Amino acid sequence: MVAAANGVSFDVYTGETLGLVGESGSGKSVTCRSILRLVPHPGEIIAGSVVFGGRDLLGLNGRELRRVRGSEISMIFQDPMSSLNPVYTVGDQIAEPLRIHRKLTRRQARMEAVSLLDRVGIPSAAERLEAYPHEFSGGMRQRVMIAIAISCKPKLLLADEPTTALDVTIQDQILTLLRELQGEEGMAIVLVSHDLGVIAQASSRVTVMYAGYVVEQAATPALFHRPQHPYTVALLNALPELAVQRGDRRLIPVKGQPPDLAALPPGCPFAPRCPYAREQCETEVSMALEDVGHGHVTACPFHAEVGL
Amino acid sequence: MSADRTPLLEVSDVRKTFAARRPLADSVRRRPGLRAVAVDGVSLTVGKGERLGLVGESGSGKTTLARSILRLIEPDSGSIRFSGQELVGASRGDLQSVRRRMQMVFQDPYSSLNPRMKVGTAIAEPALVHHVIPRNRAKDHVAELLDLVGLPASSADRYPRQLSGGQRQRVAIARALSVQPEFLIADEPVSALDVSIQAQILNLLDDLLERLGLGMIFIAHQLAVVRHVADRVAIMYLGRIVETGSTDQVFQDPQHPYTKALLAAAPVPDPTVVRTRSATAGDMPSPLRIPSGCRFRTRCDYAEERCQREDPPLLSITEGHHAACHVRPFDHER
């Protein structure tokens, strides 16, 4: 058994964007999917709770859960080509949640679909309703995904690497669009990304994950300027942007290899790669989060020594 | 960076198009199909020991250009000279010796390494094929290369799947260096790697290039990575180089509106940086239908009437800095 996400806790508030950052295998996607109980087989959620507006989503039956999915909480994924159905028109796919959740008639749903496409910035929306996903570019498909996701005015939008497959100018367009929609609708966003640049620009608070654990959480400026966990410090130091700023030809890499989730050390999973590690880190560190002030939490008991 | 300016590689006016699929009715009537223009008259030079960064979004033609240079595909026209030798139209025999001197590192080491071949065999193979070393030296050769890229000698007996992504990219680099090349083309070599591993590989490439005096074309879409690695930069858009210059010139004083758009769009890992301009609108046009005149005009904030009619040539801005834009640099600030 492999623990992909281990004792992960966080809160998201109305109107805010929480960034969930980590490298491959850190558990950020599994965490995000667990919120809607979309963990792929043979994965299981074995403990915990997901409280949304006072209800525990993990305790809902299938019918109740379906009422939440795509309506109160919706999700967009990395690759819009594989999350859109290739054999239905874009119009049909936007209309589906409108008819199911908002009980609109076919006509009403169609009109609403046009206005949604228009809102996400797809030109001549009425004509594009009959198009199939393959007729759209990557950026346009992601706009369609977003139109579907916001169609029932969700309170929470889960965005799992929404711009990773896109070029940088298109990424910029999509992030701007999400920001505008959030401003209008006041929805909360959980933004999963491996890209610290995207996280810095788009989120108000950040949760950093490593090997299935939350290692640090803070308001975005505090996390980037006063990181309190050695892994966060190592990640920031490894960025080429910061080497350019330092005027340094050398990058500061994180030593060692990414963790093997099937063979984690009993203590802190980052200990084998950590420049601050001492003997007890490999055996005794519990990964409990300590508050260092203003809601800034870290899993490193030796955070006082840690800094950029 | 000490870079000798005698060009090792000279690419001039290379063009490569691909046939697009056409409807059956058109083929039956023998109507000519559309052609996608992937590389449209690109010229560049790379000196011995110099590192040229090639930047562009997907579909800009950077990979097609790289493949043309290695003659993995044959360009439609133009000239590619490697230390004076013409490669376009060269025979297989002539290419054989050049291929040893120019090697490529790909984005995804998992698909560029044979999953059934042990790491040691994969590294030795090109050296044996090119007779760089005698067969009885293969083992030592592999051990030296593994050491060079920072892997333990025991890795030789492992299969690619037993290694992590970063380790596999080290193997791919060792394999490229196995034939003692003078020039590397690295196509997005760190894009598939996590940030913590990316820095290891970039430092390794930097060390090796410096130590072995290799030149390199470094293809990437991550601007910060290119800025860190390259001496000179060429920005590609829809098959053309739209701006080129030293890394400092291009990053600190960008002249082409597309370069400016790219720089503005790149997310900065610093939350105190406030965005100063709005996102560039639209998508890159299809290479089947390249706009008339300037190919960036459909997305350009500064486009004028003339941009629709005239295709702007690369004009010199300052020594070594060129941009293909009609609207003069100062006008961009209006």
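This is a predicted model: local features need pLDDT of at least 70, side-chain atom pairs count only at pLDDT 80 or more; totals for chains, interfaces and linings use all residues.
What radius of gyration does chain B have, and what value would a compact globule with 334 residues have? For a compact globule the value would be near 20 Å, and chain B has 21 Å, which agrees. Chain B averages a pLDDT of 90, and 96% of its residues score at least 70.

Along its principal axes, the C-alpha trace of chain B spans about 70 × 60 × 40 Å, and its secondary structure comes to 12 helices and 12 strands. Of the 334 residues in this chain, 46% count as buried. If we take the contacts in chain B with a separation of 6 or more, 67% of them are between residues 24 or more positions apart.

Now to a sheet in chain B. Four strands form an open sheet in the order 2-1-4-5, and the pairing is antiparallel. Strand 2, residues 35-47, and strand 5, residues 85-86, stand at the edges of this sheet in chain B, and each has a single partner strand, so one side of each is left without a neighbour in the sheet. For anyone new to this, strands of a sheet pair through backbone hydrogen bonds, either parallel or antiparallel.

Which strands does strand 1 of chain B pair with? Strand 1, residues 7-19, is joined to strand 2 of chain B by 10 bridges, and the two run antiparallel. Strand 1 of chain B also pairs with strand 4 of chain B, again in the antiparallel sense, over five bridges. You can follow this in the structure residue by residue: Val11(B) stands opposite Leu44(B) in strand 2 of chain B, and Thr17(B) stands opposite Val37(B) in that strand. Towards strand 4 of chain B, Ser12(B) stands opposite Ser79(B).

Let me turn to where the two chains meet. How many residues of chain B are in contact with chain A? There are 31 of them, and they are in contact with 37 residues of chain A. On the chain B side, helix 8 (195-212), helix 9 (223-229) and helix 11 (257-265) each supply at least two residues, and the largest share, eight residues, comes from helix 8 of chain B. By class, the side of chain B that touches chain A has 15 nonpolar, 11 polar and five charged residues.

Chain A can be described in the same manner. With 308 residues, a compact globule would have a radius of gyration near 19 Å, and chain A has 21 Å, which agrees. Its C-alpha atoms fill a box of roughly 65 × 50 × 35 Å, taken along the principal axes. There are 12 helices and 10 strands in chain A, and buried residues make up 47% of the chain. Of the contacts in chain A with a separation of 6 or more, 62% are accounted for by residues 24 or more positions apart.

I will finish with a few places in the backbone of chain A. Most residues other than glycine have a negative phi, and most peptide bonds are trans. With that in mind, look at the loop between helix 1 and strand 2 (51-52) of chain A, where Pro42(A) has its place; the peptide bond from His41(A) to Pro42(A) is cis, with omega near 5°. Arg37(A) is found in that loop, and Arg37(A) has a positive phi of about 55° although it is not a glycine.

Is Arg37(A) exposed or partly exposed? Arg37(A) is partly exposed, because 15 other C-beta atoms lie within 10 Å. Lys103(A), in the loop between helix 4 (90-101) and helix 5 (106-119) of chain A, has a positive phi of about 55° as well, but Lys103(A) counts as exposed, because it has 9 C-beta neighbours inside 10 Å.

How values were computed:
Residues are numbered from 1 along each chain as its sequence is written. Chains are lettered from A and ligands numbered from 1 in the order in which they are written. Two residues are in contact if their C-beta atoms, placed from the backbone, lie within 7 Å. Ala, Val, Leu, Ile, Met, Phe, Trp, Tyr, Cys and Pro count as nonpolar, Asp, Glu, Lys and Arg as charged, and the others, Gly among them, as polar. Two strands pair if DSSP finds at least two bridges between them. The radius of gyration is taken over C-alpha atoms; the globule rule is 2.2 Å times the number of residues to the power 0.38. A residue is buried if 20 or more other C-beta atoms lie within 10 Å of its own, exposed if 12 or fewer, and partly exposed in between; C-beta atoms are placed from the backbone. pLDDT is the predictor's confidence in each residue, from 0 to 100.
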